[in-house]
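Me: Could you take a close look at one part of this for me, the place where the two chains meet? I'm new to this, so please spell out the terms.

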Amino acid sequence: MNLSDATEIRDAVRSRKVKATEVVSSLVARAKAANAKLNAFHEILEEDAMRQAAAVDAAVAAGRDPGPMAGVPVAVKDNIATHEGHTTCSSRMLENYRSPFDATCVERLRAAGAVVMGKTNLDEFAMGSSSEHCAWGPVRNPWDQARVPGGSSGGSAAAAAAAICGVALGSDTGGSIRQPASLCGCVGFKPTYGRVSRYGLVAFGSSLDQIGPLARTVRDAALTYAVMAGADPRDSTSAQRPVEDPLQDLERPIEGLRVGVPTQYMSDANDPRVNTLIQSSLDRLRGAGASIVPVELPLTDVGISTYYVIAPAEASANLARFDGIRYGHRAPARAGQSLDDLYAESRAQGFGPEVQRRIMLGTYVLSAGYYDAYYGRALKVRRRIKAEFDRAFETCDVIAGPASPTPAFRPGELSDPLQMYLCDVYTVNTNIAGIPGVSVPIGFVEDGGTRLPVGLHLQAPAMADARLLRAARMVESLHASACVSAPI
Amino acid sequence: MRSVTLAAMSEAHPLTPKEVAHVAKLARLAVPGDRVEALRGQLAGVLGHVAKLKAIDVEGVEPMTTPFDQSNRLDPDEPGTCLPIQELLKNAPAVEGRYLAVPKVLAEDAGG
């Protein structure tokens, strides 16, 4: 049995071919061994996972329904609250923090029989595109450990790609699921804003954040999404309308699929090898009956500017709660220390440099005299970007392009913050518009003797998540040789 | 490494060290004096880049604060269960009994 295929695990556990405890113990052993090389997990929760698995086995033995994800070990990004283990956001600020509750998505996964096997590393507070800015050390790419896995859900992407979990959870504020999925060679799906409850996700950019799965297959991503999605009374921005079952027609190709390709996405600034792979994937889609439609998204470039005003602005407000008083790191007391000093010292000690930069940036663009010029203007450009997508979707069903302009890069290669931000050019606008996006592995580029994965990024209109996953499944079926786990 | 054409279009941003110190104060971040210049350079770089927003015509465009298109939903006003205080306090850096312990906020002579 393939231990990293959630659907296979679920079927085997439900039909008593294997026990959930056997699945968990094998996968945990594999994860422990691989983690020494990858640093994908901050914590592997072996005892808790075995206890949850035993409960699944007991349900099966008693003839009760163990749920649609029975016995599937899930790696949870460490900015998503779990009652077991820590929830650190890969930050010194939350080094000892233990959540008193489960995030809604985790609660739903557990109720469906899934097993939380551990917490994965990220760029601190999900701010980054390389998983280098992690207080517990950088995460490494399973295809080439001398490269980054992308970020910020780098630990989850590495775990899914290296087949050391059933599925993984990530969060995506500007590409943090899709870009690492592309760089690590797994499927990464960001649902429509509001489709998965954000309750229990440590807030970064509240109007942009969305939780989603990273998995070996589109089917597993769809299964995980189906379990998590739907209205939640504890998140007032969770969409009330019913969730369309993404598994229902997943295997049935969309007849006459119209794939929009923005001229702006096939830029000369991309690595030419990435463009070649994207083009060949589009050719295969055409060969399979899809039509390729040129579309225009002229504001693609401006997305980065819009995003790096809105996201830091929201982050600076969200991260104000970390003041060293109620939870999180508190600076040692010293003589003459005022309450303001205590806040400022606790925050300076607890947050890493990138988080501090973004808080400063957000504070600046929201400050008196600059608010209208930066934040107010960015919100107006945001509406124009959304309108541009609406117009493009009048002539196509999905929009395709690269998830990242380059394959995995080396640590330190993008040491200038602005250079790192520019990696997100093809993913930030998805969050700005609130639409769903997915990265599917389509092949590899050869680089210095190693193979580096590349993903095709598909986007669809808001609430067309099921359609998007169906299109992603079509792409996956055309690239069977690209959908393999990393040799770790 | 891919060439970054976007950065070339950035404009210089006149952020001063004094402004950096002011923003740090607003953000409640203790920034040591020797870090101000590096931070100033990095922030000015990003602000110079985001200045591209100025070139976009937004005449008559309404700001979009969220992609969420449903109006505010009101929950029925029913009491629910709260998180246990003892468990919440386990995460506090300092406690006294069932309270969070904080440094003195008022100066000794401010009492009445």
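Reply: Start with Arg28(B) and Asp340(A), whose side chains form a salt bridge, 3.2 Å from N to O. That term means a side-chain nitrogen of Lys or Arg within 4 Å of a carboxyl oxygen of Asp or Glu. The rule finds three salt bridges across the interface of chain B and chain A. Keep in mind that this is a predicted model, where local features need pLDDT of at least 70 and side-chain atom pairs count only at pLDDT 80 or more, while totals for chains, interfaces and linings use all residues. Residues are numbered from 1 along each chain as its sequence is written, chains are lettered from A and ligands numbered from 1 in the order in which they are written, and side-chain values use heavy atoms, with hydrogens and water left out.

Now zoom out a bit. Chain B puts 58 residues into the contact and chain A puts in 76, with contact meaning heavy atoms within 4.5 Å. About 6000 Å² is buried between the two chains, and carbon and sulfur atoms give 67% of that. Buried area here is the accessible area (1.4 Å probe) that two parts lose on being put together, summed over both.

What about the residues on chain B's side? They split into 35 nonpolar, 11 polar and 12 charged. Nonpolar covers Ala, Val, Leu, Ile, Met, Phe, Trp, Tyr, Cys and Pro; charged covers Asp, Glu, Lys and Arg; the others, Gly among them, are polar.
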